[in-house]
Amino acid sequence: MDAFSAVKTSLDTAKTAVKGLIKIEASKEVAEALEKLQDANEKLFDMRDTLFNLQQENQNLKTELQEKEDWEKKKADYELVETEAGAILYAYTGEPKHFACPVCIESKKEIHPLQPKNNKESSLMECKACDKQFRRLPYTPQPPKRIIQSKGWT
Ligand SMILES: [Zn+2]
């Protein structure tokens, strides 16, 4: 082997080594790029998940707000009043006039008109939804059926 050939062989060997190094370096870069891509993909997936949750939450809040507005609008037609007998009830400001159950309005956000307990003139009114009774008119004692000793009943 002459000197020229020896130098050429050395150069070839060096070239091959450099090419190998370049390949290794390229593989590392590709692997790193893939890893970064996977990280980005996971982040994207997490962001989609977050976005979905936020959209869901937004929808729920919109529905909740709409329900609240609907309820406030419905309730605005009623005002809190005190009956002659001292019961605190909701009274409809429109027609037909009626009282509504304060228990159902306050606890269940439902409007249930109160109905006379037995007859139209009854001083008691009841809620058919929760069975609570309210006194509309002051209690007027009825004369006893039989008077044993008169104490002012007429
Ligand atoms: Zn009720």
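This is a predicted model: local features need pLDDT of at least 70, side-chain atom pairs count only at pLDDT 80 or more; totals for chains, interfaces and linings use all residues.
Which strand order does the open sheet of three strands with β4 have? The legends below answer this and walk through the rest of the chain.

View 1. Residues are numbered from 1 along each chain as its sequence is written. The protein chain holds two helices and six strands, where helices (H or I, at least four residues) and strands (E, at least two) are DSSP runs numbered from the N terminus. Their pattern along the sequence is α-β-β-β-α-β-β-β. Of the 154 residues, 6% count as buried; a residue is buried if 20 or more other C-beta atoms lie within 10 Å of its own, exposed if 12 or fewer, and partly exposed in between, with C-beta atoms placed from the backbone. Among contacts between residues at least 6 apart in sequence, 28% join residues at least 24 apart. Here, two residues are in contact if their C-beta atoms, placed from the backbone, lie within 7 Å.

**View 2. Helix α1, residues 3-75.** The number of buried residues in α1 is zero, so the helix lies largely in the open.

**View 3. The sheet β1-β2-β3.** This open sheet of three strands has antiparallel pairing in the order β1-β2-β3, with β1 and β3 as edge strands that each pair on one side only. Two strands pair if DSSP finds at least two bridges between them. Strands of a sheet pair through backbone hydrogen bonds, either parallel or antiparallel. β1 (residues 78-82) and β2 are joined by five bridges; Val-81 stands opposite Leu-89, and Glu-82 stands opposite Ile-88. Two bridges join β2 and β3, and across this pair Tyr-90 faces Ala-100.

**View 4. The two hairpins of that sheet.** Five residues lie between the strands in the hairpin of β1 and β2, where Gly-86 takes a positive phi near 90°. The hairpin from β2 to β3 runs through six residues. In the loop between β2 and β3 you will find Pro-96, and the peptide bond from Glu-95 to Pro-96 is cis, with omega near -10°. That loop also holds Gly-94, which is exposed, with 8 other C-beta atoms within 10 Å. Gly-94 and Tyr-78 are 16 residues apart in sequence, and their C-alpha atoms are 8.3 Å apart in space.

**View 5. The largest nonpolar core.** A nonpolar core is a set of buried Ala, Val, Leu, Ile, Met, Phe, Trp, Tyr and Cys residues joined through C-beta atoms within 7 Å. The largest one here has nine residues: Leu-89, Tyr-90, Phe-99, Ala-100, Cys-101, Leu-114, Met-125, Cys-127 and Phe-134. β2 (88-92) and β3 (99-100) each supply at least two residues of this core. Leaving aside neighbours within four places in sequence, Cys-127 is in contact with Cys-101, Val-103, Cys-104, His-112, Leu-114 and Lys-132.

**View 6. The sheet β4-β5-β6.** Back to the opening question: the order is β4-β5-β6, in an open sheet of three strands with antiparallel pairing. The edge strands, each pairing on one side only, are β4 (115-116) and β6 (133-135). Three bridges join β5 (residues 124-126) to β6, and Glu-126 stands opposite Gln-133 in β6.

**View 7. Two loop residues with positive phi.** Most residues other than glycine have a negative phi, and most peptide bonds are trans. Lys-109 has a positive phi of about 55° although it is not a glycine, and its place is in the loop between α2 (102-108) and β4. With 13 other C-beta atoms within 10 Å, Lys-109 is partly exposed. Asp-131, in the loop between β5 and β6, has a positive phi near 65° and is likewise not a glycine. Asp-131 counts as exposed, with 9 C-beta neighbours inside 10 Å.
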